[in-house]
Amino acid sequence: MSQGPRSGLAAISSALLAMSRHLEVRDVLKTIVASARELLDAEYAALGVPDDHGGFAQFVVDGVSDEQWKAIGPLPRQHGVLAAMLRDAKPQRLADVREDPRFGGWPSAHPDLADFLGLPIRDGDEIIGALFLANKKHPRPDGGCGFTEDDEDLLSILAQHAAIALTNARLYERSRELTIAEERSRLAHELHDAVSQKLFSLRLTAQAATALVDRDPARAKDELHQVAALAAEAADELRAAVVELRPAALDEDGLVATLRTQIHVLDRAHSARVSFTARGVRALPAAQEEALLRVAQEALHNALRHSGAPRVEVVLERRGAGAVLRVRDDGDGFDPRTVRRAGRHLGLVSMRDRASGVGGRLTVESAPGSGTTIEMEVPGG
């Protein structure tokens, strides 16, 4: 190692303290990656969390500028050396990753990597991620790898603690899914209540028509017309409860149709006016579409539950090869800095994780009394 033991211990301590001090899982992962790069004197470091579709749900990098990261494009797939680390529990220490037979190239904007040190991140027997470094800064031995066995041992310590952070991330995501399921159940109950009210009105109107048939046929006819209208409304509500509250079917329906259906349900179930507009959106990779859907759900939950807004607008539009989602309400607003200091997050951490996990970005604009706008931009495939 090029740094002394004191600085090495300080870097490890920084990573561990970050894990205990922050609730934001992505901030913890960034700290681990930055600490590993600084500690082992590397130009680049990254930590990838695989998804179930041959890609990465999260991919945190250090040593790459925001502009360069955007130019690189979508997150990498699970191939080459990255795939080897996810299949094999052995560390990968290479003198030149480009000469490895598993090397499959990278995008034109990607930095050139040479010597390489990578370790799988394990939760018991399961490999749940990969942590790697590239381009040792100090001169390499002729034909050898700049990273040493000591470097490998030190990175192994960080990988073990990264496993803790990733396990916590999984638990957090599961809790978010449960929250979404609870919200869907609540909406179903609200729609059920609305149907019950319609049916109660229908019964009263039918009774009134029955009482008027003999003495006032004209009024009875009007009441029967009202019965027909109420029955039609009740049928619409039942259709919303049975059809529109089905699980989100991105694969079958696509993002635009899924969002439109869910927002239609929210508009019927809440007193606030909830609208949706889509402009020129093309099909996106599955990970991007799921991230946009989840962020929209979280932002709508905040707006409808906390803002007191009479109107909430959702816009999804094409931007280059990607898309931008915008959720705007005219409610109470808030001071984002005060929310963070108070230890409340209103789901902002989850939304930022979703955005950055697919190579996108999320911005929040809000102030007390001025409503809130949440915007998420993602690249295309």
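Modeller: Let's start with Glu-317 and Arg-279, which form a salt bridge with their closest N and O atoms 3.0 Å apart. The pair links distant parts of the chain, as Glu-317 sits in strand 7 (residues 311–319) and Arg-279 in strand 6 (residues 273–279), 38 residues apart. This is a predicted model, where local features need pLDDT of at least 70 and side-chain atom pairs count only at pLDDT 80 or more, while totals for chains, interfaces and linings use all residues. Residues are numbered from 1 along each chain as its sequence is written, and side-chain values use heavy atoms, leaving out hydrogens and water.

Biologist: Why is the contact of Glu-317 with Arg-279 called a salt bridge?

Modeller: The term asks for a side-chain nitrogen of Lys or Arg within 4 Å of a carboxyl oxygen of Asp or Glu. The closest N and O atoms here are 3.0 Å apart, so the pair qualifies.

Biologist: What makes Glu-317 buried or exposed?

Modeller: Buried means under 20% relative accessible area, exposed over 50%, and partly exposed in between (1.4 Å probe, protein chains only). Glu-317 has 16%, so Glu-317 counts as buried. Arg-279, at 43%, is partly exposed.

Biologist: How do you know that strand 5 is largely enclosed by the rest of the structure?

Modeller: In strand 5 (residues 126–136), 10 of the 11 residues are buried, so the strand is largely enclosed. Strands, like helices, are DSSP runs numbered from the N terminus (E, at least two residues; helices H or I, at least four).

Biologist: What makes strand 4 and strand 5 a pair?

Modeller: Pairing needs at least two DSSP bridges. Strand 4 (residues 116–123) and strand 5 run antiparallel and are joined by 8 bridges, so they pair.
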